[in-house]
There are 2 protein chains.
Amino acid sequence: VKIGVLGTGTVGRTIASKLVELEHEVTMGSRSPDGDALLEWVGESGERGSGASFADAAAAAELVFNCTAGGASLEALAAAGAENLDGKTLIDVANPLDFSQGMPPTLSVCNDDSLGEQIQAAFPQARVVKALNTVNAAVMTAPDSVPGDHNLFVCGNDAAAKSEATALLESFGWPRDSVIDLGDISSARGTEMYLPLWLRLMGALGTAEFNIAVCAP
Amino acid sequence: VKIGVLGTGTVGRTIASKLVELEHEVTMGSRSPDGDALLEWVGESGERGSGASFADAAAAAELVFNCTAGGASLEALAAAGAENLDGKTLIDVANPLDFSQGMPPTLSVCNDDSLGEQIQAAFPQARVVKALNTVNAAVMTAPDSVPGDHNLFVCGNDAAAKSEATALLESFGWPRDSVIDLGDISSARGTEMYLPLWLRLMGALGTAEFNIAVCAP
């Protein structure tokens, strides 16, 4: 599958490298296609990895990951262009963290809205799936690094897009039954508002490489 | 220990009954001390259970549980009286759920504040510990009803109060190492903002009797 990964930070590089390893053709999109972060990743990623602007990365792709910082995601996706996202599964990994008040960050949107919903509202023809935002980048593509039968969540309005996302997660190493479908895109409020708990758990545990398992009878 | 349980709803009755079973002397506090909910519980609870106003229940107690609805908690605690809470461990089980916009509820406070912090700020001499608000009432006092090594959280500024709360949780059936200390009372933001995820999980799982386990290397 031709996949566009928007964002050159740790999350974008981790996911893009895993996708290349899985033999997908990956175009990493950046606001600065000539920037060091992008050129470095392209240099490391072999013949299946390339770099482009947000718009060209999205245009070339059948499926798009939003791995930009949450506070910049709507702007980045606008630069990618609605016409390059229409009809495509858009896996939104971003968290709307606001560091302007210091640590720990607050959320720039929450409670009666979420970044996932804002993205779906701004790009109504994209098939937005919120996923992977509840774990650290290292855990996203190496679930075995955390012990136990822990879980991921998918949220979105389009069942086929959620299936497509779940199949990709399975290829990352997540057992299919570890991925819990929480419902429509408004359930992204749940996974985004989990971040304050995640941040406190990181402090209590002394590591970012953890996850939660849902236990039910 | 003489314990005051403020609130006559499912959470208050469940916790108060467990405390009576554990041979504590329990006074359930209500805005309506002559109301049916309180009289019914007192009738069922044997010689160790009694009922009173919020103020009398708090005054008689060495330790207080806030089991009132989150939207009414500050008012209920004001009725209990700061002088009856000063120096006492106050275990805050409430979630600030706002049902005024329909289902699912939003939070009446979140992101840069929490109900736990508001209670601590309003009653600075009380030793507030946020706990138990991440599970259904039935799970609070019967952790074995959920499989797995799942977790609870305590948040508060006073280490001795958190130890006292943790010992009570242990008597409810929670293994001591299942209780994670998240830090000061501001970490109540984490456990309260988990509620939107909890609500979606309840929908996805079809039961309220579940919990999460924190998995870490």
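What follows is a working chat about a predicted model with chains A and B.

Colleague: Ground rules before we start?

Modeller: This is a predicted model, where local features need pLDDT of at least 70 and side-chain atom pairs count only at pLDDT 80 or more, while totals for chains, interfaces and linings use all residues. Residues are numbered from 1 along each chain as its sequence is written, chains are lettered from A and ligands numbered from 1 in the order in which they are written, and side-chain values use heavy atoms, with hydrogens and water left out.

Colleague: How much area do chain A and chain B bury between them?

Modeller: About 2900 Å², with 71% of it on carbon and sulfur atoms. Buried area here is the accessible area (1.4 Å probe) that two parts lose on being put together, summed over both. Leu197(A), Arg200(A) and Cys215(A) supply 22% of what chain A buries against chain B, more than any other three residues.

Colleague: And how many residues does each chain put into the contact?

Modeller: Chain A gives 36 residues and chain B gives 37 residues. Contact means heavy atoms within 4.5 Å.

Colleague: How many salt bridges between chain A and chain B?

Modeller: The count is 2 salt bridges. A salt bridge is a side-chain nitrogen of Lys or Arg within 4 Å of a carboxyl oxygen of Asp or Glu. Arg200(B) and Asp184(A) meet in a salt bridge through their side chains, at 3.9 Å from N to O.

Colleague: Which elements of chain A give two or more residues to the side that touches chain B?

Modeller: They are β7 (106–107), β10 (179–183), α9 (188–193), α10 (195–205) and β11 (211–215) of chain A. The largest share, 6 residues, comes from α10(A). Helices (H or I, at least four residues) and strands (E, at least two) are DSSP runs, numbered from the N terminus.

Colleague: What about the residue types on that side of chain A?

Modeller: They divide into 21 nonpolar, 9 polar and 6 charged. Ala, Val, Leu, Ile, Met, Phe, Trp, Tyr, Cys and Pro count as nonpolar, Asp, Glu, Lys and Arg as charged, and the others, Gly among them, as polar.

Colleague: How do β11(A) and β11(B) run, parallel or antiparallel?

Modeller: Antiparallel, with 5 bridges joining β11(A) to β11(B). Two strands pair if DSSP finds at least two bridges between them. The bridge partner of Ala213(A) in β11(B) is Ala213(B).

Colleague: Take Asn211(B). Where is it?

Modeller: Asn211(B) is found in strand β11 (residues 211–215) of chain B. Its relative accessible area is 0%, so Asn211(B) is buried. Buried means under 20% relative accessible area, exposed over 50%, partly exposed in between (1.4 Å probe, protein chains only).

Colleague: What is Asn211(B) in contact with?

Modeller: Leaving aside neighbours within four places in sequence, the list includes Ala213(A), Val214(A) and Cys215(A) from chain A, and Thr134(B), His150(B) and Trp174(B) from chain B. The side chain of Asn211(B) also makes a polar contact with the side chain of His150(B) at 2.9 Å. A polar contact is a pair of N or O atoms within 3.5 Å; within protein, one must be able to donate a hydrogen and the other to accept it, and residues adjacent in sequence count only if both atoms are side-chain atoms.

Colleague: Back to charges. How many salt bridges over all chains?

Modeller: The structure holds 16. One of them joins Asp92(A) and Lys130(A), with the closest N and O atoms 2.7 Å apart. Asp92(A) lies in strand β5 (residues 89–92) and Lys130(A) in strand β8 (residues 127–131), both of chain A, so the pair ties together parts that are 38 residues apart in sequence.

Colleague: Are those two buried or exposed?

Modeller: Asp92(A) is buried at 0% relative accessibility, and Lys130(A) is buried with a relative accessible area of 0%. Asp92(A), Lys130(A) and Glu192(A) are linked in a network of salt bridges.

Colleague: Which residue does Glu170(A) form a salt bridge with?

Modeller: Arg176(A), with the closest N and O atoms 2.8 Å apart. Glu170(A) has 34% relative accessibility and so counts as partly exposed. Arg176(A) is partly exposed at 44%.

Colleague: Last one: what does the side chain of Lys130(B) reach at 2.6 Å?

Modeller: The backbone oxygen of Ala94(B). Lys130(B) lies in strand β8 (residues 127–131) of chain B and is buried, with a relative accessible area of 0%.
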